Each structure stands twice: as C-alpha cells, then as structure tokens.
Amino acid sequence: MWCDNEPFLRVDSEYHKHGLTRMTFPPGVGDLNPVENVWAKLRKDLAIREFEDLKSNTVISTHQFKQRVSQLLTSYGCAKPGKKFSYLENLLRGMPKRLLRCEDKKYGICGQ
C-alpha cells in the first residue's frame, strides 16, 4: 500500500492482515502517487467540457455532472481504439521509470 504519511493511512496491522505492507513516499511528490495524475486529468477533461457547455450556453444539473465524472473516470480504464493500453494501464506501467527519475532528482519534482 503506497501512501504519503497521512495519519489515517498508518494502519500497518490492517495491511499485514491482508498480506500488504505500507510503503511511504515523501509528501508533495505527486509523481509517485498515480491518483494525483488521475485527478489532474479529470480536472482537465472537466474543464474542457465546461468550456464547451459555456460556448453552447448549456447548464447541466448536479446529476448530469456526476454522470459526466463517472463516465470520464470509467473511460480511463478503457483502451482507446488503436491503443493497446488504457490511460490507467499506461500510468501504472510507467511507474518504474517515474521511481527512477524521482530517485535521480532526490525526490523533488519529477515530471511526468
């Protein structure tokens, strides 16, 4: 289990019960936390759709917004036509390289 030292994630006994080990990484190194990349992509994709809504003078409901978020998140797990891997698979496949880059930079900002 990778975590960034959040107190609520420090439950080693629970991890051990399920055969997991907690691994921590320095706070603020989002490159080592794949979910940070997913949130960044989601924010970007939502902003694009919001701009389209503004151009077309469209107002969506809270329910429609939740559906949009759900559809986007679901799409990240599906490979696009002509692609071998989904966004999420590519993100995880790239982690070994990210770890090496971060280590080389002494765990500063590592880039994508």
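Contact means heavy atoms within 4.5 Å. Helices (H or I, at least four residues) and strands (E, at least two) are DSSP runs, numbered from the N terminus. This is a predicted model, in which local features need pLDDT of at least 70, side-chain atom pairs count only at pLDDT 80 or more, and totals for chains, interfaces and linings use all residues. Residues are numbered from 1 along each chain as its sequence is written, and side-chain values use heavy atoms, with hydrogens and water left out.

Q: What makes up the secondary structure of the protein chain?
A: It comes to 5 helices and 2 strands. From the N terminus on, the elements run β-α-β-α-α-α-α.

Q: Why is Asp53 called buried?
A: Buried means under 20% relative accessible area, exposed over 50%, and partly exposed in between (1.4 Å probe, protein chains only). Asp53 has a relative accessible area of 14%, so it is buried. Asp53 lies in helix 2, residues 34–55.

Q: What makes the pair Asp53 and Arg68 a polar contact?
A: A polar contact is a pair of N or O atoms within 3.5 Å; within protein, one must be able to donate a hydrogen and the other to accept it, and residues adjacent in sequence count only if both atoms are side-chain atoms. The side chains of Asp53 and Arg68 are joined at 2.8 Å.

Q: Which residues is Asp53 in contact with, leaving aside its neighbours within four places in sequence?
A: They are Thr58, Ile60 and Arg68.

Q: Is Arg68 buried or exposed?
A: Its relative accessible area is 17%, so Arg68 is buried. Arg68 is found in helix 3. Beyond its neighbours within four places in sequence, it is in contact with Leu46, Arg49, Glu50, Asp53 and Ile60.

Q: How do you know that the span of helix 2 agrees with its residues?
A: The expected span is 1.5 Å times one less than the number of residues. For the 22 residues of helix 2 that should give 32 Å, and the end C-alpha atoms are 32 Å apart, which agrees.

Q: Which residues of helix 2 are buried?
A: They are Pro34, Asn37, Val38, Leu42, Asp45, Leu46 and Asp53. Seen down the axis of helix 2, these buried residues fall within an arc of 165 degrees, so they line one face of the helix. The arc is that of the directions from the helix axis to the C-beta atoms. The face turned away from the buried side carries the exposed residues Arg43, Lys44, Phe51, Leu54 and Lys55.

Q: What covers the buried residues of helix 2?
A: The cover includes helix 3 (62–75), helix 4 (87–93) and helix 5 (95–104).

Q: How do you know that the buried residues of helix 3 line one face?
A: The buried residues are Arg68, Val69 and Leu72. Seen down the axis of helix 3, they fall within an arc of 95 degrees, so they line one face. On the other side, His63, Lys66, Gln71 and Thr74 are exposed. What covers the buried residues of helix 3 includes helix 2.

Q: What puts the buried residues of helix 5 on the same side?
A: The buried residues there are Met95, Arg98 and Cys102. They cover an arc of only 55 degrees around the axis, which puts them on the same side of helix 5. On the other side, Lys97, Leu100 and Asp104 are exposed.

Q: What makes up the largest nonpolar core?
A: A nonpolar core is a set of buried Ala, Val, Leu, Ile, Met, Phe, Trp, Tyr and Cys residues joined through side-chain atoms within 4.5 Å. The largest has 7 residues: Val38, Leu42, Leu46, Val69, Leu72, Tyr76 and Leu91. Helix 2 and helix 3 are the elements that give two or more residues to this core. The largest share, 3 residues, comes from helix 2.

Q: Which residues is Leu91 in contact with, leaving aside its neighbours within four places in sequence?
A: They are Pro34, Asn37, Val38 and Arg98.

Q: Why does Asn57 count as exposed?
A: Its relative accessibility is 70%, so Asn57 counts as exposed. Asn57 lies in the loop between helix 2 and helix 3. Its phi is positive, about 60 degrees, although Asn57 is not a glycine.

Q: Why is Lys84 called exposed?
A: Its relative accessible area is 69%, so Lys84 is exposed. Lys84 is found in the loop between helix 3 and helix 4. Leaving aside its neighbours within four places in sequence, Lys84 is in contact with Ala79 and Glu89.
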